[in-house]
Every structure is written in structure tokens, then in C-alpha cells.
Amino acid sequence: MSRHARSQHLRRLARATDTLETISRLKSEQFREERDRLSQELFVNRKAVEKELADILVETTSLKRVSTQSSYFLVGRKGSGKSTIVNTVRARAGAKYKGILRLRAEDLPFGAAYATLDSATVSDARSILPPLSFFYMAWEGFFRMLMVDLLIEKADQLSPQQRAKLGPLRELASEYEGRRSANLHQFHFLSAVEYLEDYLDDLIEESPRDSTDMYAHIHLRWNVEDYSDYLLGESANASLRSIVSDCTKRVLVTLDDFDTVFDEFRRDSTREDAASRSKFERDWIRSLLHMATDAHLGREKEPSIFRQFDYCLTVPADRFLEIVAADRDSYLVQGRITTLLWSGVELCELLVKRLEKLYGCPTDVGSTALQRLEDLLAKFVPELPKMIEFEYNGRQVRIHLFLYVLRHTFWRPRGMLLYFEALLAACEGRRGRGLTSDAVRKIVSVCTSKIVRTEFVEEYRSVVPSIERILGAFRRAPQVLRVEDIHARVQSQTFVLSEGGEDMSIRGKVEVLYDLGFIGVQVDENASERSHMRHPQAFYFNEGSERFRKEYEVGFRETRFVVHPIFTEYLDIDVSGQDFMLRFEWEYLDVMHGVIAAAGFDL
């Protein structure tokens, strides 16, 4: 054997040995314990106090927009940081507001509300009354009851004239004192819904028997103020309106946790009521979006308590896709909704802040996020290589560790932290023996499989029930496909957003796959310049959706579809002959950070 052949053989043997050692390490109890410990450190508790939030907070564009109320609905996927923004906005509120209504979706009993609003009386009335009006009025009643409690609590901050009007509100509060549950928000929410049904029953009972006159009477009395008089009593409702109208400070409303609550709500459904439950939860969110936007823009049809509020309301991205499909009304184009998308620079900064906290070592804020990350890893985790080097389809690839991990994510904090949690755990106990590029790639590969299952399939199964079957249509597909190829694969697949919905058009199916991050579009360099795409592969998370939709209008003449690299092993995608996809450069990340900060993306 020649010296060159012997050298190659020894290198292959060393790589194989390293790979086996890495696999053994990933299966060990020591690795699991270290990974769990790091998880506790890197993933900040949702109930983090203000000081802890300040230490790890990244001032994202989305946070700035919500803080200034240029947007107040925050659309984001699981693990994108919605709850952190809500907690931060609340922690920073200070003396700016009269008070804060801190709501959690888990405190709002949607199951009981569904049973009430699905009653025979309400179902019959929906044929003659605007369907969303039931949800509008329930929200209005709920928030008026919350305001009663808030004004009583903040009585010492009211003017003498306002305090003089509190009597009817105190009487109302004492009336329901003995009836309310320990969870006040739950009590008020159910009261608003149950009284709404009672109010409708009374309207029907007191209406003329002639059908025409009855409809006219119900329509006349079916309004926010008459219902609020019924719910609170005329005297208390009048006092509430008067006190609130004289308030010089606004009230901050935060609402979070729809993701978990609605997942549980759908799991409780049967085949018979699945479609009804899906529509029910969409209508709760739609009505809240409409009411808050209309009040902020001064275009509500009736006086509303919503006019007194500022908001930080989170909306799950998967549910928002359903809402967009069902409702493209004006609130979608008013700029009040911001999609929580992270730039690559912001994700790097997030990782830096978490590592600073983990190691108790602040870095120079005057340096770039990349330099700070490199300094931390070099000091505390020298076993991790700065650059990853390997051969891909006969070509040598050399890429920064952070950029290599980034291409395996949907640009969300949770995914980035999960990868580095595993990489750091794998370095524990190596005593200075560095991980090879092959070992890093193996660790990323193992994490990728888990992330696809938990951060993609499980997340979207509730909104696209056939998601696994849809992905299966791409098993062993080429990574790059023509428009007719992808149409052929999705045409026979049923795409239904939630149970009981209608199958989508071919274009709608492709748009959903793009919005989910499963596919992107790829153009050659010349077409990229003409279409103002800054990277040859455009996915929703790195280039937004506008370019994708414009390409659809012209028939994708110079464009191909590309499957996200994260799915190549999961679906055994054919990458033969292809370039190394989603190879980002730092210059590109800097440019797109500025683009997102200036204009943002539309989901």
C-alpha cells in the first residue's frame, strides 16, 4: 500500500472511529443528564422576573413594534419567542398605564363557552344575526367586567369625581363576590358568555310573535350597550362608561398561550364536531382581531371598551394561516399584525446572551454578535470547531459552525438552542479533545430528526391533519423541483386546514408548504438580481413571502422549488448533483437584518 493510500485509509478509520464514539456518547446517560441540565440553563423559565429577562433579552424588531403599538398582534410559531415579548412588554409598562390586564388563554374556558354558544337557541339565532357578533359581544362583556375590578383596585389613583361614581361598581362586585370562582378571569369569561345566551333568550321571549317584527326587535336590541346593561346593570354600566371616558391613562391588555389551549380544545373533539370546534376557535381570534383594530382606528360601529386599551396579543401562526384562508378583511392590511421573524443576526445575539448567562461571563457589547459568540465558545467550549469542513457532492465545503446550524433551522430561537444544547453536552468530559466536523454533523443530524418531528410535524398536525401524508408525497423526491413536478406531487394530496374544511386549490397547497417552511424557491444569479432576491434560495424565514407570490403570478418561468435541507434525511431527499443549499454568508445576514428592521415580512 502506497504512503498516500495508507494516509487516506488512516483518515477514514479515524473518522469512522470518531463517528462511532459520537453515536455512543449521544446514547449515554451522561449525555442526557448534561443535555437536560443545559436545557434548564438555556431555556429561560416563562415566569422569569424582569431582571432575568433584561439579561437575556434581544431587542428584536417585533418587540419594538409592539412596544410602540405600531403593531399589537404578534403572530409567531411555537418556539419563536412570543411569550418572552409579552412578558417584556408587561415588565416595562411601569407607570405608563392605569393598569395591566394580564390574561392567559388557559384561564379562559373555551370548552364550556363552546357548549354554551353551541346551544339550540344560539345556533338558531345565527341564521338571523351576524355570526361573529356573538363573539364580539362576549369579548366586550368580558373586558367590561375586568375593568370593573380594575377600577375598584385602582380607586386610590382615580380623581375625586371618578371615585364618587364607584358606588354602583362596588355593589356589582359584591353581588358576584359569593358566586365567583377562585379564578376570576374564568368566572368573568363564563359569565359574559352565559349572560349572552340568557340575554338572547330574553330578547326572543319578549319579541312580537310575528316573525318580521320579531327579527326587527332582536336586531334593534342586539347591541353592545343593551347587552352590557343586561350583564352589569344599567347603573353600573353607566358608571363604568363615565369613569373610563375620563381616564387619562390607557390600560395594557396582554394575552398569551393560545397555542396550548387550542391544541387541547381540538384534542377533545369528536369526528362529528371537529369542524365546528375549528371554526369556533378561529372565530374567537378573528373577533378579537377585528374589535381591537376597529377600536384603535376609531371605526367601531358601537362605543367599545376596547378603545381604552393598548395590546400585546399573541396569535399562533398555524391558526393564523386558517384565519387568513377564511378572512382577508381589512385588519390584515392595516399594519397592526407583526409576524415574529428573527433575523440571523438576532439569533446569534440570542445565543450569545444565553451563553453569557450560562457561563457568567459578559462579552464586549461593542463587538459584533459573531465575534462575541466566537469569544465565548473559544474560552468555554474549545472542543467545538469554529469552522465545519467536509465534502458535499464532490465539492469541498467550509462553513462557520453557527451558519451550519442555522441552515438546519426555521430561524426560530427554540431550534437554535436545541442544537447548541446538544453540541455543548457532547463536549462535556472530552477534556480538550475537539469534536471533528464529522462529529458535529452527526450531532446536528440526530437533532434534526427530533426537530422535524416535534417542531414541524407535531406542531402542524392540529391545523393540517394530513401533514405526514403530505410530506410522504415528497419521499425520495429530488431536492430541486420544477413547478409542474411539485404540482403533480400535491395534486392528489388532500390539504384541509383543520378538520371538516374544504380541500385547497393546487396553488393554495403550494402556498401552505411555503408558509410552513417546507419548500422555498430557487433562482439563478441573474434572475435573483432581477427579482430583488438577495439569496438564491428564498424561504419565508430568510426572504419573506412577497417574492414567492410574485413569482407565482408569472408562472415561475425562471424559478425552481427547493425542499428545505432539514428534510433531506427525514424524507430521503435526492440531493445528488445539487449545490450545498442555504449556504449563508455573514454579509447576507447583516443586510437582511436591516431589511427586517426597516420593513419586516408578511407571513
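Trainee: In this predicted model, how many of the 21 residues of α8 are buried?

Mentor: Of those 21 residues, 18 are buried, so α8 is largely enclosed by the rest of the structure. A residue counts as buried when its relative accessible area is under 20%.

Trainee: What span should helix α8 have, and how far apart are its end C-alpha atoms?

Mentor: Helix α8 covers residues 133–153, and at 1.5 Å a residue it should span 30 Å. Its end C-alpha atoms are 30 Å apart, which agrees with that expectation.

Trainee: Which strands does α8 lie across?

Mentor: Helix α8 lies across β2, β3 and β4, and runs at about 130 degrees to β2. These strands belong to an open sheet of five, ordered β2-β3-β4-β1-β5, with parallel pairing. At its edges are β2 (99–104) and β5 (337–339), each of which pairs on one side only. From one strand to the next, the twist averages 15 degrees.

Trainee: How many bridges pair β3 with β4?

Mentor: Strand β3 (residues 251–256) and strand β4 (residues 309–316) pair in the parallel sense over five bridges. For Val 253, the bridge partner in β4 is Tyr 311.

Trainee: How should a pair of packed helices be described?

Mentor: Two packed helices are described by the angle between their axes and the distance between the axes. Here, the axes of α18 (residues 344–359) and α19 (residues 369–380) come within 9 Å and cross at roughly 35 degrees. The crossing of α18 past α19 is left-handed.

Trainee: Which residues meet where α18 contacts α19?

Mentor: On the α18 side they are Val 345, Cys 348, Glu 349, Leu 351, Val 352, Leu 355, Glu 356 and Tyr 359. They meet Ala 369, Leu 370, Arg 372, Leu 373, Leu 376, Leu 377 and Phe 380 in α19. By class, this contact has 12 nonpolar, no polar and three charged residues. An α-helix has 3.6 residues a turn, so residues three or four places apart point the same way.

Trainee: In what order do the four strands of the antiparallel sheet lie?

Mentor: That open sheet has the order β8-β11-β9-β10. Its edge strands, each pairing on one side only, are β8 (480–481) and β10 (537–538). Strands β9 (residues 519–523) and β11 (residues 559–563) run antiparallel and are joined by five bridges. Ile 519 stands opposite Val 563 in β11.

Trainee: Which helix packs on this sheet?

Mentor: Helix α25 (residues 506–516) does, touching β9, β10 and β11. The direction of α25 makes about 95 degrees with that of β9.

Key. Residues are numbered from 1 along each chain as its sequence is written. This is a predicted model: local features need pLDDT of at least 70, side-chain atom pairs count only at pLDDT 80 or more; totals for chains, interfaces and linings use all residues. Side-chain values use heavy atoms; hydrogens and water are left out. Helices (H or I, at least four residues) and strands (E, at least two) are DSSP runs, numbered from the N terminus. The expected span of a helix is 1.5 Å times one less than its number of residues. Buried means under 20% relative accessible area, exposed over 50%, partly exposed in between (1.4 Å probe, protein chains only). Axes are lines fitted to C-alpha atoms, for helices over the stretch in contact, and angles run from 0 to 180 degrees between N-to-C directions. A crossing is left-handed if the near helix is turned anticlockwise from the far one by less than a right angle, and right-handed if clockwise. Contact means heavy atoms within 4.5 Å. Ala, Val, Leu, Ile, Met, Phe, Trp, Tyr, Cys and Pro count as nonpolar, Asp, Glu, Lys and Arg as charged, and the others, Gly among them, as polar. Two strands pair if DSSP finds at least two bridges between them.
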